[in-house]
Amino acid sequence: MTEIPVKIPAEPKSAPKAPPKHAPVPSARKDTLLYLDGVSRSFDGFKAINELSFVLMKGEMRAIIGPNGAGKTTMMDIITGKTRPDKGDVFFMGDVDLTKHDEPTIAQMGIGRKFQKPTVFETQTVADNLLLSLKGERRGIPALFYRSNKPDRQRIDEILEVIRLERRRNELAAFLSHGQKQWLEIGMLLAQDPKLLLVDEPVAGMTDAETEETARLLRDIAVDHSVVVVEHDMGFVRDLGVKVTCLHEGHVLSEGSLDHVSADPQVIEVYLGR
Ligand SMILES: Nc1ncnc2c1ncn2[C@@H]1O[C@H](COP(=O)(O)OP(=O)(O)OP(=O)(O)O)[C@@H](O)[C@H]1O
């Protein structure tokens, strides 16, 4: 009997390895949430940010201090995409180049910013302010027409507890004190489930008791969030109990514990004016 030749398929050549989708994160940026290096930005020839390097690790809370005009706001503007740097690296979560994204995209990526002045919806209740801020499809739907589901209500309850407003949940935001409006706005940021919260001068205009409570509130939030707080109030910064970065002329002048920074002769000279 004639054997039918069986054609044995040739062994497939091992497929060439596909290049990794993303280049590996350089070790300097590994585990960083924010990584700024050599960042500069001028306005009409004036260097508001000058070779700024700043690193925030995942899960860290940092306080940023510095005299007026030190570049704190411009730094936040660069991180959030409001201002483009002239040069330098700005990375989020190790490998996301923030200089290539616009402001709405950066917010979507999980960088939430709270400006100094509270901007809550005064004619809505405290709970509805949070409901309207929750991440998801309900954005833009008037609270009146949106039926919250159980997970939403649970999340709102959790946030109300963090921001110390459980007992005010059904009151209009207009009736809150200035400090409570600030807390509500922090809660509205939390409702967006951000990876990083940037909080600009949260205690300006607050009573002493509110200021002390805000330090506790931010410490609670920092247990499971990364936070950058820009603040002038040194008592409050001390209560935060975190690493401090002092900016001056768009550059890091000193960094470390508040005791270390406030004992730095350069800081004493330029910041404390002594
Ligand atoms: N859009 C702009 N055009 C021109 N100059 C600007 C602009 N934005 C910031 N500057 C200048 O850059 C410098 C840094 O300003 P920035 O607001 O970042 O400082 P800051 O540390 O936030 O100050 P403050 O504590 O007073 O808020 C200031 O001299 C400011 O006048």
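This is a predicted model: local features need pLDDT of at least 70, side-chain atom pairs count only at pLDDT 80 or more; totals for chains, interfaces and linings use all residues.
Reader: How many bridges join strand β9 to strand β10, and do they run parallel or antiparallel?

Author: Strands are DSSP runs of E with at least two residues, helices are runs of H or I with at least four, and both are numbered from the N terminus. Two strands pair if DSSP finds at least two bridges between them. Here β9 (residues 243–248) and β10 (residues 251–256) run antiparallel, joined by five bridges. They form a hairpin with two residues between them, and Glu249 in that turn has a positive phi of about 50 degrees. His248 stands opposite His251 in β10.

Reader: Okay, which residues touch the most other members of the largest nonpolar core?

Author: Nonpolar side chains tend to be buried together in soluble globular proteins. A core here is a set of buried Ala, Val, Leu, Ile, Met, Phe, Trp, Tyr and Cys residues joined through C-beta atoms within 7 Å; buried means 20 or more other C-beta atoms within 10 Å of a residue's own, with C-beta atoms placed from the backbone. In this one, which has 68 residues, the answer is Leu34, Ile79 and Leu184. Helix α5 (residues 178–191) supplies the largest share of the core, seven residues.

Reader: And how much of the chain is buried?

Author: Of its 274 residues, 36% count as buried.

How values were computed
Residues are numbered from 1 along each chain as its sequence is written. A residue is buried if 20 or more other C-beta atoms lie within 10 Å of its own, exposed if 12 or fewer, and partly exposed in between; C-beta atoms are placed from the backbone.
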